Amino acid sequence: FQDLYITLIIGHVFAHDQKHAILRYKENDTIANVKVLRLNNNFYDTIFSIRLFPVNTGALGDLIQIQDYNGDKIPDLKIVKEFWDIHPGDISLLWIYNRDRFQSIKGFEKIISAQYDEKTNLIYSYRSRGCADMSMYFGIFKIVGRQVKKIKEMNCDCCVEEGDSCKIEILGKRSFYVPYKTAYEFVPAYYAEGVKEKCDMNIKK
């Protein structure tokens, strides 16, 4: 069960042979608590606890996300700390789970709207910069040890010039322009199809 104020997840969350319970609750509008408990002889023991301040999660209900983020096939604990509705996005914290221990991943909170792709074992980031979602930021990251490694960051801005062109800017390199119809070829493959559809719609108009 998850809503704007409380999260309660019970079951074989992290391992098939061990039952856990995850509880998130708000003290007030800016403070939230998260606890992970392990079932042991009919009693639950707290094995992880954190108090988050400040939090600003707005209307988002999915504030606890359980998913593998480092490719070891073991679910990890992602906690949303900030969420915004205009050009929606989130800032979250991540703990890697291993044998009833949670290891914090340094730098994960700098990834906007982190999405893990198990095919590439990479974490992808996307943020709309406005202009009807035609000005876009992309990031590619990877977890190495207990921290995040940046692979690539870039912008694709299809609003800066009149006519059929998009500005491609890979951070740290010189920017260049490409036609709308080929812009998707220059963004991360994880987002390419979505960019292609948006640009095709824009050309038709």
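## Burial and the cysteines

A residue counts as buried when its relative accessible area is under 20%. Cys-166 has 0%, so it is buried. This is a predicted model, and every value below is computed from it.

Cys-166 is bonded to Cys-158, with 2.1 Å from S to S. Cys-158 is buried too, at 3% relative accessible area. The link is right-handed, with 100° about the S-S bond of Cys-158 and Cys-166.

The chain holds two disulfides. The other one joins Cys-131 and Cys-159, whose sulfur atoms lie 1.8 Å apart. The torsion about this S-S bond is about -105°, so the link of Cys-131 and Cys-159 is left-handed. Cys-131 sits in the loop between strand 10 (122-128) and strand 11, and Cys-159 in the loop between strand 12 and strand 13 (166-170), so the bond ties together parts 28 residues apart in sequence. Cys-131 is partly exposed, with a relative accessible area of 44%. Cys-159 is also partly exposed, at 31%.

Counting bonded cysteines along the chain, the disulfide pattern is 1-3, 2-4. Cys-156 takes part in no disulfide; the nearest cysteine sulfur belongs to Cys-158, 4.0 Å away. Cys-156 is buried, at 0% relative accessibility. Cys-199 is likewise in no disulfide, and for it the nearest cysteine sulfur is again that of Cys-158, at 4.2 Å. Cys-199 is buried, with a relative accessible area of 1%.

Six strands form an open sheet in the order 9-10-11-12-13-14, and their pairing is antiparallel. Strand 9 (115-117) and strand 14 (176-178) are the edges, each pairing on one side only. On average, neighbouring strands of this sheet are turned by 30° against each other, direction ignored.

Inside the sheet, strand 11 (residues 135-144) and strand 12 (residues 147-157) run antiparallel and are joined by ten bridges. Lys-150 is exposed, at 52% relative accessibility.

## Strand 6 and its neighbours

Strand 6 (residues 76-84) has seven of its nine residues buried, so it is largely enclosed by the rest of the structure. It pairs with strand 5 (residues 64-67) through four bridges, and the two run antiparallel. In this pairing, Gln-67 stands opposite Asp-76 of strand 6.

Strand 6 is also joined to strand 7 (residues 89-98), by seven bridges and again antiparallel. Glu-82 stands opposite Ile-91 in strand 7. Strand 6 and strand 7 form a hairpin with four residues between the strands, where His-87 takes a positive phi near 50°.

## Salt bridges

Side chains of opposite charge can pair when their charged atoms come close. The model has five salt bridges. One of them joins Asp-100 to Arg-38, with 2.8 Å from N to O. This pair links distant parts of the chain: Asp-100 lies in the loop between strand 7 and strand 8 (101-104), Arg-38 in strand 3 (residues 32-40), and they are 62 residues apart. Arg-38 is partly exposed, at 22% relative accessibility.

Another salt bridge connects Lys-196 and Asp-200, at 3.3 Å from N to O. Both residues belong to helix 1 (residues 189-204), and they are four residues apart, about one turn of the helix. Lys-196 is partly exposed, with a relative accessible area of 28%. Asp-200 is partly exposed as well, at 26%.

## A nonpolar surface patch

Phe-1, Leu-4, Tyr-5, Ile-6, Leu-8, Ile-10 and Tyr-44 make up a nonpolar patch on the surface. Together they have about 700 Å² of accessible area. Strand 1 (residues 6-15) gives the most to the patch, with three residues. Ile-6 lies in this strand. Its relative accessibility is 33%, so Ile-6 counts as partly exposed.

Technical notes
Residues numbered from 1 in each chain as written. Predicted model: local features only at pLDDT ≥ 70, side-chain atom pairs only at ≥ 80, totals over all residues. Heavy atoms only, no water. Pairing = 2+ DSSP bridges. Axes fitted to C-alpha atoms, helices over the stretch in contact; angles between N-to-C directions. Patch = residues over 30% accessible without salt bridge, like charges linked within 9 Å, V, L, I, M, F, W, Y side chains within 5 Å. Areas by Shrake-Rupley, 256 points an atom, 1.4 Å probe, with all protein chains shown as cover. Salt bridge = Lys/Arg side-chain N within 4 Å of Asp/Glu carboxyl O. Buried < 20%, exposed > 50% of the residue type's maximum accessible area, 1.4 Å probe, protein only. Disulfide = S-S within 2.5 Å.
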